[in-house]
Amino acid sequence: MFTILKACRPGKVISIIVGILTISIYALGSADYLQNRAILLDILYGLASLFFLVCAGYMMNDYCDVKYDKINKPGKITITKVISKNTFRGIFLVFFVLGIIIAMRVNFWFFLLILLDMFILLLYN
């Protein structure tokens, strides 16, 4: 369990989410808008979607970089040494699908931006 948490890079994910929350409040013009339940729920769903997708992205990056990490970081314990590749793929898929499903809940434009982001992530890896 710790290995999966480590693969998600919680410090970086929390930093990203806090940054996005800060930008959202700034874009709204005031934190008072968060008292509107519909706006608050959309923001929370968006943050949850981003949480799962960013974690999935970091996990995918770790999985794809195993070959390079053996050369560049020979002492590093890779994720596939701790859990099986199939288990890792399954966890990645759950995070990815949850993130996409939650993104659909926010609104169509958010969903499209998330799909674009995921496409770029796949190209990168």
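Of the 125 residues in the protein chain, 29% are buried, where buried stands for under 20% relative accessible area, exposed for over 50% and partly exposed for the range in between, with a 1.4 Å probe and protein chains only. This is a predicted model, in which local features need pLDDT of at least 70 and side-chain atom pairs count only at pLDDT 80 or more, while totals for chains, interfaces and linings use all residues. Residues are numbered from 1 along each chain as its sequence is written, and side-chain values use heavy atoms, with hydrogens and water left out.

The protein chain contains seven helices and zero strands, helices being DSSP runs of H or I with at least four residues and strands runs of E with at least two, numbered from the N terminus. Among contacts (heavy atoms within 4.5 Å) between residues at least 6 apart in sequence, 72% join residues at least 24 apart.

On the H3 side the contact includes Gly46, Ser49 and Leu50, and on the H7 side Phe110, Ile114 and Met118 are among the residues involved. The residues of this contact comprise nine nonpolar, four polar and no charged, with Ala, Val, Leu, Ile, Met, Phe, Trp, Tyr, Cys and Pro taken as nonpolar, Asp, Glu, Lys and Arg as charged, and the others, Gly among them, as polar.

Helix H7 also packs with H6, at an angle of about 150° and with the axes 7 Å apart, which makes H6 roughly antiparallel to H7. Here Phe96, Ile100, Ala103, Met104 and Val106 of H6 meet Phe110, Phe111, Ile114, Leu115 and Met118 of H7, and the residues of this contact divide into ten nonpolar, no polar and no charged.

The structure also holds one salt bridge, that is, a side-chain nitrogen of Lys or Arg within 4 Å of a carboxyl oxygen of Asp or Glu. Asp42 forms this salt bridge with Arg105, and their closest N and O atoms are 3.3 Å apart. The pair links distant parts of the chain, since Asp42 lies in helix H3 and Arg105 in helix H6 (residues 85-106), 63 residues apart. Asp42 is partly exposed, with a relative accessible area of 29%, and Arg105 is likewise partly exposed, at 38%.

Note on methods:
Axes are lines fitted to C-alpha atoms, for helices over the stretch in contact, and angles run from 0 to 180 degrees between N-to-C directions. Angles under 35 degrees count as roughly parallel, over 145 as roughly antiparallel, 65 to 115 as roughly perpendicular and the rest as oblique.
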